[in-house]
Amino acid sequence: MSNARFATIALLAGVLLIVGAQWIQNDYFFNAAYTVLMYVILSTAWNILGGYTGYVNFGTAGFFALGVYSSIVLWKAFHPPLAVMIVVGTLVAALAGVGLGYLTMRLRGHFFAIATLALAIMLFTFVTNWDYAGGARGAYVIVPREVPFGFARYIRYLFSVMVLLSVASIVVARVVERSRLGRGLAAIRDDELAAECAGVPTLKLKLISTALSGGMMGLAGTTFPFFISFVEPVGAFDLRYAVNAIAMPVIGGMTTWLGPLIGAVLLGTVQQLVQVTISSAWNLLIVGLLLVGFVTMAPEGIMGWVFAWRRRRARRS
Amino acid sequence: MNDLLHVQGLTKRFGGFVALDRVDLQVAPGERLGLIGPNGSGKSTLVNCVSGLLRTEEGQVSFDGHDISSLPAHQRIQRGIARSFQIPKPFASVSVLDNLCVPLLYATGHREGSHRPSEAQVRSQAIAILDSVGLAQRADEMSSGLTQVDMRKLELARAIAARPLLLIADEAMAGLSSSEVDEILQLLLQMKARGIAVIMIEHIMRAVMQFSERVVVLVAGHKVADGNPHEVIANPDVQKAYLGE
Amino acid sequence: MDISYSLVANAIVAGLLLGGFYAAVSVGVAISFGMLDIVNIAHPAFIILGAYIAFLLNDTFGVDPIVCAVAVSPLFFLLGAGLYRVYYVAFESRGRGPLPGLAFFFGILFITEVVLVLIFGVDYRMVKTSYSETSLHFGQVDFALRLIVPFLVSVVMVVALHLYLKHTFFGRAVLAVAQDPLALRLMGINPIRIREIGFAISIATAGIAGAFLVVIQPVQPSIGREYIGLVFAVCVLGGLGSIYGTLVGALILGLAETFTATFFGPSWSPAVSFGLLLLALGFKPTGLFGR
């Protein structure tokens, strides 16, 4: 399927989802769905660097929070339209991705992983000490009274925006995966020296990958202040984003765009259910156990089972 | 001066250890050169310096008339210096065919103008190269499942796919059986027909003597001999280095 | 200027004492990451686990944390051995790259943290000992016993580890296993067994360090994360895999943190270790590759 065709179908599916959802009466659905979609974007973003390029990022929360806080600061200063905040937050996080990549990408993968964690905690410390953005106490964001495009409630509007952003992220991931860039990234993941010696400009490609991945993580955070209306650093930098962003692609499968999507929808939905029925600590335990379980026993994730099943069927016919 | 590769005064230190000491090396277009020397004599260091994986502090590497001393490895292969690795480094998560697509997409564009080959063109080129090394049947298999000798062939096929002017084969036959050595040797001998000069680094003397038009000997970072294979082997310094006193 | 003199002197003393303790926190990673090349990002989680066990023992039986440390270390040794078995079977034996191993330890970190939250809640816990409130005074400089005791025990532990690794047969095997596993096999030693014991020792040090952590400061399940930057910064600064280097790195970090907390406020101190780590990674890469 060509990229244009895939994008059209994905967009149609997104629009159908938005329109269809308007018949749902319960606003709780939109809260839960918003969170799941946020994880779709985060895990798709993580997978571009982690799955396609082979570099583990523990700092998802940091990039996410960059998107969150750039929106808070912009909102306090100018009250711009949501679209502006989405673009700026994405660019800020992408820039941070390039910076981090430039500083550490010459190093082995281990050090990069640790450096991402370092970046997240550094950012956390700065935001905690930044009074304009609310500091340690946190910042209130007053959600606009009038809802654009005739949606019944603001959360329904946010949900629809999130659907479109998810569609965009997935399309980007699929385009990258099947492009010349994607082949270069896969070569880096498999053997960086051999990739360089096959003509792949490894440093440049890794920077593109960190920028894309970081930018998309920021994207996932740009609408967050309007979703919860009160943001404090501990919440914005929560480690659960980092763990989920890793666990979801691992569980779904890291080599294709479909893996993170499956992982995010499954694990995101399970967490929403457990959160309501049991407690949020338990749902984090489930995420941790699933991550360790899959990474040790089923490293190719759910998509790995699908591929194995397809191979078996192909051999039989 | 119409050498293809021209290395002059190349020196490489690791801390206090001098791995290469003012080494000169020339390779003519299409030439078959054997590079030999005991373990630790600096052969691999030389390969890494020429292919760009190691930066050199002193000396100059020129290729095709241009100074390439400061270019990173991926730009050197784009200019035509390909290498294979001593321990094969396949792109293990993709198919044999896709292994070749990487250099076809990334290494060849530089010399052929800006136009990029289509997916179908890349595939057919890859299949043609796999066919020429006898791996066409394995095209859709995962590269991690290949046998030793097929892994070596893939290594060479991937280097050929970059359409190089110079191929550095770093111990492409180590650990192979006698008949497998002959297979690889045949492949390397065919390079001349493609207009590719070859530097063969090897411990298997039978292969070196059969292959080389000229032999260079490195000992402890110095070049001790350079010339006709039979004369070089008869050289007392070389014999001393190889057999001891 | 008398006040600022005593401020500086106190910061130096507190920094060095804290740094000594940081050596105990980091020495396990110097072994697992520096020598065995296992990126155990969950190491701080085991330290927190050790802290809670010491808290529990102290709370129910009134056991002193030093005694706890000794009692708990064999358990942590076994835990480490078991964890390495899993790691070996799932990752090393299959020759999988570093990525899944990192995700594995990240998951372990998270599980440990959540289990502690489920058992103990998110309140801060601390152990009061007979020496908790006592300070020695030399002029205007305070030496809090709460810091001195962990400092002394930590330094003893680090020096003992160094001597053990340098001068015993097994210790030298651990040092050799990273460089030349084949040579060990030729000597009839199973490198996997050596790695298992090496990793077990590294986790045992986490248990000991944890028992002291809860004396030094109040502990909460999620503070382990802050120590991730610390342990790796110390190991990188100290030159990977060198035990005495780790001690030096830890002292530098202890000083840097104490000075930042004294002069800029404690809310900035988490940035110190991670900032130093980023700088070390960004600008001293030769030192990192040089292994």
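In these legends, a residue is called buried when its relative accessible area is under 20% and exposed when that area is over 50%, with partly exposed residues in between. The model shown is a predicted one.

Close-up 1. Helix α1(A) runs over residues 3-21, and its 19 residues reach 27 Å from the first C-alpha to the last, which is close to the 27 Å expected at 1.5 Å a residue. Its buried residues are Phe6(A), Ala10(A), Gly14(A), Ile18(A) and Ala21(A). These residues lie on the same side of α1(A) because they cover an arc of only 105 degrees around the axis. An α-helix has 3.6 residues a turn, so residues three or four places apart point the same way. On the face turned away from this buried side, α1(A) carries the exposed residues Ala4(A), Arg5(A), Leu12(A) and Leu16(A).

**Close-up 2. The packing partners of helix α1 in chain A.** The buried residues of α1(A), among them Phe6(A) and Ile18(A), pack against two helices of chain A, namely α2 (27-53) and α6 (154-178).

Close-up 3. Side chains of opposite charge can pair when their charged atoms come close. Here the side chains of Glu192(A) and Lys206(A) meet in a salt bridge, at 2.6 Å from N to O. Because Glu192(A) lies in helix α8 (residues 192-197) and Lys206(A) in helix α9 (residues 202-222), the pair ties together parts of chain A that are 14 residues apart in sequence. Glu192(A) counts as partly exposed, at 27% relative accessibility, whereas Lys206(A), at 2%, counts as buried.

**Close-up 4. A salt bridge between two loops of chain B.** Lys192(B) forms a salt bridge with Glu213(B), and the closest N and O atoms of the pair are 2.5 Å apart. The pair links distant parts of the chain, 21 residues apart, since Lys192(B) sits in the loop between α6 (178-189) and β8 (197-201), while Glu213(B) sits in the loop between α7 (205-211) and β9 (214-219). Lys192(B) is partly exposed, with a relative accessible area of 39%, and Glu213(B) is partly exposed as well, with 33%.

**Close-up 5. Further salt bridges in chain B.** The side chains of Glu141(B) and Arg138(B) meet in a salt bridge, at 3.4 Å from N to O. Glu141(B) is partly exposed, with a relative accessible area of 33%, and Arg138(B) counts as partly exposed at 31%. Elsewhere, salt bridges that share partners join Glu31(B), Arg214(B), Lys223(B) and Asp226(B) into one network. Over all chains, the structure holds 23 salt bridges.

Note on methods
Residues numbered from 1 in each chain as written. Chains lettered and ligands numbered in written order. Predicted model: local features only at pLDDT ≥ 70, side-chain atom pairs only at ≥ 80, totals over all residues. Heavy atoms only, no water. Helix = DSSP H or I, 4+ residues; strand = E, 2+ residues; numbered from the N terminus. Expected span 1.5 Å × (residues − 1). Buried < 20%, exposed > 50% of the residue type's maximum accessible area, 1.4 Å probe, protein only. Arc of directions from axis to C-beta. Contact = heavy atoms within 4.5 Å. Salt bridge = Lys/Arg side-chain N within 4 Å of Asp/Glu carboxyl O.
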